[in-house]
Amino acid sequence: MALDVLTVAPLYQGLDINKIRLIAQTTKKSTTPPKALIPAKTKLTTIETKRIMSVLDETIHKVKLVSLLSHAASDSKTSEGMLGPDIAKAVREHEDLCQTFLGRVSYLQEEERKLKEAEEFEDEAWFRERLFAMDVQKSQLPPLMQGIKESTKNVVRLLLSNPQAASLLQAQTLGRSKEAQCFIDSLVELRGFLFEKLLTSPMEARDKIQFIQDITRRNRRHQEIIDTLENELAACVRNRNAEVEKENFVVQELKNHLHQVLRFSENSLLRTKQEAEKQQKADFRASQARVAAVQQEILVLQSQFHNLVMENRDTEQALRKKKYKVETEIENWIQKYDSEMSEKQDEYEELDIIHKEEQLQLEELKKRYDVLVEEFSQIQAEREILAKKRLEDEQEMVRMVRAATLIQALWKGYLVRSMLKSKKKKRGKGKGEKEKGKGKRKGKK
């Protein structure tokens, strides 16, 4: 269930400027139009244009006065001494009406919120009673809104009849809200835009249309260039990614191979060491048993032990040489890997520098494109306003043609009736003369 009441606060208490933002409002970044598009005239020459500007100036003046009524009502003592008792009384009455209206609207909104929360009790009697009371309150809002409108008109009428009080009230610019000031600024911008439109001649309008067409063609050409550059950039990025993937695959293969070599060398060393330790333990136990069993064979066993030690040393020396060879190969592989990676890194840095330069060029093109888009939006807005004005002129011409046709039809009808009346009078005179002649003839007889 929606609240069918438009909650409208007075202009001086905050207005939704976003809903009436003017089309003529441009950003600070927009480029200035060429000198050729500036109107040649600097003053209004026709009475109609002067009347239009006077109506808009009067509207701005009234809005400035209305936007300060809230501040004047908040400080009643100062406003009564500055505006006079009659105007101060009218301002207080207007403020009371506005506060009453806002209070009722807020009350209805709160009641509607409560009823939405209690929708499950929709069939209850108290729910229907509260709903009926809300409908009654809604029916009382339109007269109150009409009273606010009449009160506003009355206050503005009193202020306009007393220029001194209006000037004193208008001097209190600090009491105006930000929303009202924004609305007034929008009206001032509308006045400037309308003044420029009234000064623009048909020749200048055609020049603007030609300028718009030139900008459109230029924008189309720039868009084609941007699309071509984007396609080239995408192709370069794809090629670079493919090359990087290939290089990464080669690097991964080298890492796997290096890891396998290291693991194989470690396993070989560990297995050789374990076998040597096992053999040494077995020989030591055998020698101990033989020393305990046969003391006289100790010299023979010592010589055998010495021989075994020498053999193990030779084996260890051979294994050490093999290990050194493997480590040398690993070091060579590592140096080769480092050299190749340094070359790849240099190549990657060169590609990165090229990519950054292309990125800067792309940013510059984007900035130019944004400027062109802003110019095009401004030109499009001007074109829409010119089309609307042209439509209004055509409608005015149709009304004038209809009025001329109606006047001509009425004039022709009047001429036909006057001709018919003159013919009837001539016929009446002819009949009278014939009757007089007949009477004279009868008298002579």
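Which residue forms a salt bridge with Asp214, and how far apart are the closest N and O atoms?

A: The partner of Asp214 is Arg217, and the closest N and O atoms of this salt bridge are 2.2 Å apart (a side-chain nitrogen of Lys or Arg within 4 Å of a carboxyl oxygen of Asp or Glu). This is a predicted model, in which local features need pLDDT of at least 70 and side-chain atom pairs count only at pLDDT 80 or more, while totals for chains, interfaces and linings use all residues. Residues are numbered from 1 along each chain as its sequence is written, and side-chain values use heavy atoms, leaving out hydrogens and water.

Arg217 and Asp214 both belong to helix H8, which covers residues 202-293, and they sit 3 residues apart, about one turn of the helix (a DSSP run of H or I, at least four residues, numbered from the N terminus). Arg217 is partly exposed, with a relative accessible area of 36%, and Asp214 is also partly exposed, at 28% (between buried, under 20%, and exposed, over 50%, with a 1.4 Å probe and protein chains only).

The structure holds 8 salt bridges, and one of them joins Glu58 to Lys62, with the closest N and O atoms 3.4 Å apart. These two residues lie in helix H1, where being 4 residues apart separates Glu58 and Lys62 by about one helical turn; Glu58 is partly exposed at 41%, as is Lys62 at 30%.

Another salt bridge links Arg191 with Asp57, whose closest N and O atoms are 2.4 Å apart. Because Arg191 lies in helix H7 and Asp57 in helix H1, this pair ties together parts that are 134 residues apart in sequence. Arg191 is partly exposed, with a relative accessible area of 31%, and Asp57 is partly exposed as well, at 33%.
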